[in-house]
Amino acid sequence: MAAKILIIGACGQIGTELTLALREKHGEKNVIASDIREGNDDLMQSGPFEKLDATNYKAIEDIVMHYEVEEVYLMAAMLSATAEKFPMRGWNLNMDSLFNVLNLAKDKKIDKVFWPSSIAVFGPSTPKNDTPQTTVMEPTTVYGISKQTGERWCEYYHHKYDVDVRSIRYPGLISYKTQPGGGTTDYAVEIFHEALAKQAYTSFLSEETALPMMFMDDAIRATISLMEAPAETLSIRSSYNLGGISFTPKQLAESIEAEIPEFKIDYEPDFRQPIADSWPSSINDEQAQKDWGWQHEYDLEKMTKAMLDGLKSLK
Ligand code: AKB
């Protein structure tokens, strides 16, 4: 029988695509979407939806009991740029929601948890290129501190209470179906919308800022593969490094220019520049390859084409 799954934060950038992919795999009625706000038509019309505040333990527990949920994907979070503006709100949302779900698993009310971490767990003292799985981690953003702390708690709950929690350090995620909100890597999505609408884009990161990125299809595939991997193959219960593509705004603009020759970019770095400067440029994901067979499929060129074709198809 298919597992009953609850996605918390289902209407966000990752949550929307993850919900649709899981509904396709497990059957629509087995995947319950939940969020504090409603999502797009595809999501709302394709299966059950519950309005849910991720910081409310009792409300999550009620849904878990009502639907006999076995697996929870906790995708609700305040991202890096927004959390710098609202530090305590960011911290409270990111930590309270995680404890709610970990405690449900500790009390055996659910069997399995997915929780997203981020490249934001790294900081300026981390080796910048090919950043290893295990290394110096001194994050300088509220979001990064919350994700690093969350990783420690995930590992703790696994060892101490035998909680089956699995996690990925997502790089910047690029998708045409849903927009990100409040992240430092958001430029890499905005640029495609503006390239098609205006053939021009002003980047809020400088031209040489290289960051790890990934096309959403790869990220969804990674998430589902990790959740399906046999527990005994997983050596990491904090969070797995996940590499994808690494590029600068200039390289991304060149790749778009190959498809839209009149496209122009200029640069006006803002408060997000120091956040980006504190993060790695590229990530080593050998451990994910070894433990659960991870391989990304989209390079810069393939991702650019998929983004432009995808956005055009939505018009
Ligand atoms: C952000 O920019 O905050 C996120 C992330 C890298 O976790 N996309």
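Q: Which residues in α7 meet which residues in α9?
A: The model is predicted. Tyr187, Ala188, Ile191 and Ala195 in α7 meet Pro249, Leu252 and Ile256 in α9. By class, this contact of α7 with α9 comprises seven nonpolar residues, with no polar and no charged ones.

Q: At what angle do helix α7 and helix α9 pack, and how far apart are their axes?
A: Two packed helices are described by the angle between their axes and by the distance between the axes. Here helix α7 (residues 187–198) and helix α9 (residues 249–257) pack at about 30°, and their axes are 11 Å apart. The two helices, α7 and α9, are therefore roughly parallel to each other. Their crossing, that of α7 and α9, is right-handed.

Q: How do the axes of α7 and helix α12 cross?
A: The axes of α7 and helix α12 (residues 300–314) come within 10 Å and cross at roughly 60°. Consequently, α7 and α12 are oblique to each other. The crossing of α7 and α12 is right-handed. On the α7 side the contact is made by Phe192, His193 and Leu196, and on the α12 side by Met307, Leu308, Leu311 and Lys312. The residues of this contact of α7 with α12 divide into five nonpolar, one polar and one charged.

Q: At what angle do α5 and α6 pack?
A: Helix α5 (residues 87–106) and helix α6 (residues 142–161) pack at about 15°, with axes 10 Å apart. It follows that α5 and α6 are roughly parallel to each other. In passing α6, α5 makes a right-handed crossing.

Q: Which residues of α5 and α6 make the contact?
A: From α5 come Pro87, Gly90, Trp91, Asn94, Met95, Leu98, Leu102 and Lys106. From α6 come Val142, Tyr143, Ser146, Thr149, Gly150, Trp153, Tyr157 and Tyr161. By class, the contact of α5 with α6 has 10 nonpolar, five polar and one charged residues.

Q: Turning to the strands, in what order do the seven strands form an open sheet?
A: The order is β3-β2-β1-β4-β5-β6-β10, and the pairing is parallel. The edge strands are β3 (49–51) and β10 (240–241), each of which pairs on one side only. Helix α1 (residues 13–26) packs on this sheet and touches β1 (5–8), β2 (31–35), β4 and β5. The direction of α1 makes about 165° with that of β2.

Q: How many bridges join strand β4 to strand β5?
A: Three bridges join strand β4 (residues 71–74) to strand β5 (residues 112–118), and these two strands run parallel. As an individual case, Glu71 has Lys112 in β5 as its bridge partner.

Q: In what order do the three strands form an open sheet?
A: These three strands are arranged as β7-β9-β11, with mixed pairing. At the edges are β7 (172–174) and β11 (245–247), each pairing on one side only. Neighbouring strands of this sheet are turned by 40° against each other on average, direction ignored.

Q: In which sense do strand β9 and β11 pair?
A: Strand β9 (residues 211–215) and β11 pair in the antiparallel sense, over three bridges. The bridge partner of Pro212 in β11 is Ser246.

Q: Which residues does the UniProt annotation cover?
A: The unreviewed UniProt entry annotates residues 5–243 as "domain: NAD-dependent epimerase/dehydratase". In the model, the end C-alpha atoms of residues 5–243 lie 27 Å apart. That span is 42% helix and 18% strand.

Technical notes:
Residues numbered from 1 in each chain as written. Predicted model: local features only at pLDDT ≥ 70, side-chain atom pairs only at ≥ 80, totals over all residues. UniProt positions renumbered as here; feature names shortened; annotations may be inferred. Helix = DSSP H or I, 4+ residues; strand = E, 2+ residues; numbered from the N terminus. Axes fitted to C-alpha atoms, helices over the stretch in contact; angles between N-to-C directions. Parallel < 35°, antiparallel > 145°, perpendicular 65-115°, else oblique. Left-handed = near helix turned anticlockwise from the far one by under 90°. Contact = placed C-beta atoms within 7 Å. Nonpolar A, V, L, I, M, F, W, Y, C, P; charged D, E, K, R; others polar. Pairing = 2+ DSSP bridges.
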